[in-house]
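Subject: Structure handover and notes

Dear colleague,

Please find the structure below, followed by my notes on what was found in it.

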Amino acid sequence: MDTALVLIRHGLTDWNLAGRLQGRTDIPLNDTGREQARGVGRELQGQGFSLVLASPLGRAQETAALIARELEAETGRSVPELIERGFGPLEGRIMVQVSDEESASVQDQLEPIDEILRRAIPALFDLSIEHAGRKVAVVSHGATMRAIRDALAGTKLPRGVDNGEVIEIDIQRLRELAEGLDLVSC
């Protein structure tokens with residue numbers, strides 16, 4: 001069997017519904033988010049996924065457990081490098097209520113995209129090596145996944161990542177990015 005990796009955004013939370021930036025605040029799934037997670041698991045059935053991992057945040061861990069249950073797959077250690085972007089003083093804020101001026105004034109307090117990529121890309125590449133020959137699903141978060149998706153695509157795509165969205169990872173492209181970050185020696 002070929003190695004395969006997919007990223008999945010956690011299910012919906014009440015803060016997602018309200019348009020609040022969650023960042024690393026540990027907000028639980030709501031009932032809709034739980035059903036989204038089960039739905040993703042059903043969509044992935046029959047595709048050979050045998051392991052579901054997640055960021056350490058509760059919403060990602062619960063999503064992973066629900067998906068794994070549908071797949072009759074294992075769960076494993078958390079992947080801290082795939083935690084959500086740190087939004088600093090904007091965490092908990094409703095984005096439509098944050099002015100462009102305020103957002104610009106706190107940019108230096110947000111985790112930079114290049115730092116997200118420097119932690120997430122090598123972690124994903126390491127997972128592809130560690131679990132060679134397996135199909136692995138990894139549950140992460142919207143801003144982190146968007147940074148990864150855009151880096152893999154080589155361009156900033158115009159839309160975000162929806163709750164429950166599945167993104168297939170091109171492992172060869174992942175390797176190229178990891179090598180480009182000078183984080184892989186081979």
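In these notes, two residues are in contact, or touch, when heavy atoms of the two lie within 4.5 Å. Please keep in mind that this is a predicted model, in which local features need pLDDT of at least 70 and side-chain atom pairs count only at pLDDT 80 or more, while totals for chains, interfaces and linings use all residues. Residues are numbered from 1 along each chain as its sequence is written, and side-chain values use heavy atoms, with hydrogens and water left out.

I begin with the annotated positions. An unreviewed UniProt entry gives the annotation "active site" to His10 and Glu84; such positions are given in the numbering used here, with feature names shortened, and annotations may be inferred rather than shown by experiment. Although these residues are spread over 75 residues of sequence, they cluster in space, with a largest C-alpha distance of 10.6 Å. The lining of the largest pocket includes both His10 and Glu84. Here a pocket is, on a 1 Å grid over the protein atoms alone, an open set of points where a 1.4 Å probe fits, with protein on both sides within 12 Å along at least five of seven lines, and lining residues have an atom within 4 Å of a point.

Histidine 10 is placed in the loop between β1 and α1 (14-18), where helices (H or I, at least four residues) and strands (E, at least two) are DSSP runs numbered from the N terminus. Histidine 10 has a relative accessible area of 1% and is therefore buried, a term that means under 20% relative accessible area, with exposed over 50% and partly exposed in between (1.4 Å probe, protein chains only). Beyond residues up to four places away in sequence, histidine 10 touches, among others, Asn16, Gln22, Arg59, Thr63, His141 and Asn163.

The annotation "binding site" in the unreviewed UniProt entry covers Arg9, His10, Gly11, Leu12, Thr13, Asp14, Trp15, Asn16 and Arg59. Of these residues, Arg9, His10, Leu12, Trp15, Asn16 and Arg59 are included in the lining of the largest pocket. Arginine 9 is found in strand β1 and counts as buried because its relative accessibility is 13%. Arginine 59 belongs to helix α3 and is buried, with a relative accessible area of 0%; leaving aside neighbours within four places in sequence, arginine 59 is in contact with residues including His10, Asp26, Glu84 and His141.

Helix α3 (residues 58-71) has 14 residues and reaches 20 Å from its first C-alpha to its last, close to the 20 Å expected at 1.5 Å a residue, the expected span being 1.5 Å times one less than the number of residues. The buried residues of α3 pack against β1 (4-9), α2, β2 (49-54), β3 (74-78) and β4 (135-140). After α3 comes glutamate 72, whose phi is positive, near 55°.

Glycine 41, in helix α2 (residues 31-44), is buried, with a relative accessible area of 0%. Leaving aside neighbours within four places in sequence, glycine 41 is in contact with Ile67, Glu70 and Leu71.

With best regards
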